[in-house]
Amino acid sequence: MGFRWPWRRKATASVPDEVAAAKHAGALAQDIARAGGGAPQRLRLRYAGKVQAVGFRFQAQLLAKSAGCVGWVKNLDDGDVLVEVQGMPSQLEAFQRGIEDLSDSPDTWISCHLASKEMVPLAQGEKDFRVRY
């Protein structure tokens, strides 16, 4: 008897490539971010579903950097993931859309939904997007 993952991967006909999925989502983020406009905002997003041990934090970091956002992402003890992301409204929209695209993609293990969303005060001096532990 071999090792079995406790969850099932989405059906796909191709070899999974999480980096390619992030690049696709990043390209989408860049297109939306070019629209620009508005004052910087910071969002606290909580994602639930299959978000731990599936590369969610790595994908979120790639996506945020490609969209030009700063902030952080970390796993929570209850199995959810918490993200604080800061940028222009169009960049934040691109980030959220990118996460939705990754969740819908057959090329990733990620399967999530936005559990909560709230505006939080801007963080001064943040220069990049990091994974917190």
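The largest nonpolar core of this predicted model has 21 residues. Those with the most contacts inside it are Tyr 47, Phe 56, Val 83, Val 85, Phe 95 and Ile 99. H2 gives the most, with five residues.

**The chain as a whole**

The chain holds three helices and five strands. Read from the N terminus, the elements run α-β-α-β-β-α-β-β. Of the 133 residues in the chain, 38% are buried. Take the contacts between residues at least 6 apart in sequence: 83% of them join residues at least 24 apart.

| Helix | Residues | Number of residues | End-to-end C-alpha distance | Expected span |
|---|---|---|---|---|
| H2 | 56–67 | 12 residues | 16 Å | 16 Å |

For H2, the reach is close to the expected value at 1.5 Å a residue.

How do H2 and H3 meet? The crossing of H2 past H3 is right-handed. On the H2 side, the contact is made by Phe 56, Gln 59, Ala 60, Leu 63, Ala 64 and Ala 67. On the H3 side, Gln 91, Phe 95, Gly 98, Ile 99 and Leu 102 take part. By class, this contact has eight nonpolar, three polar and no charged residues.

Now look at what is buried in each helix. In H2, the buried residues are Phe 56, Gln 59, Ala 60, Gln 61, Leu 63, Ala 64 and Ala 67. In H3, they are Ser 90, Gln 91, Leu 92, Ala 94, Phe 95, Gln 96, Gly 98, Ile 99, Leu 102 and Ser 103. An α-helix has 3.6 residues a turn, so residues three or four places apart point the same way.

Gln 96 is found in helix H3. Is Gln 96 buried or exposed? Its relative accessible area is 12%, which is under the 20% cut-off, so Gln 96 counts as buried. Leaving out residues up to four places away in sequence, Gln 96 touches Leu 43, Leu 45, Tyr 47, Leu 114 and Lys 117. The C-alpha atoms of Gln 96 and Ala 64 are separated by 9.4 Å, and the two residues are 32 residues apart along the chain.

With the sequence neighbours up to four places away left out, Tyr 47 touches Phe 56, Asp 80, Val 81, Val 83, Gln 96, Ile 99, Cys 112, His 113, Leu 114 and Ala 115. Tyr 47 is also one of the core residues with the most contacts inside the core.

Most residues other than glycine have a negative phi. Which residue has a positive phi although it is not a glycine? That residue is Ala 53, with a phi of about 65°. Ala 53 lies in the loop between S1 and H2. Its relative accessibility is 66%, over the 50% cut-off, so Ala 53 counts as exposed. Just after H2 comes Gly 68, which takes a positive phi of about 85°.

Key:
Residues numbered from 1 in each chain as written. Predicted model: local features only at pLDDT ≥ 70, side-chain atom pairs only at ≥ 80, totals over all residues. Heavy atoms only, no water. Axes fitted to C-alpha atoms, helices over the stretch in contact; angles between N-to-C directions. Helix = DSSP H or I, 4+ residues; strand = E, 2+ residues; numbered from the N terminus. Left-handed = near helix turned anticlockwise from the far one by under 90°. Contact = heavy atoms within 4.5 Å. Nonpolar A, V, L, I, M, F, W, Y, C, P; charged D, E, K, R; others polar. Buried < 20%, exposed > 50% of the residue type's maximum accessible area, 1.4 Å probe, protein only. Core = buried A, V, L, I, M, F, W, Y, C linked by side-chain atoms within 4.5 Å. Expected span 1.5 Å × (residues − 1).
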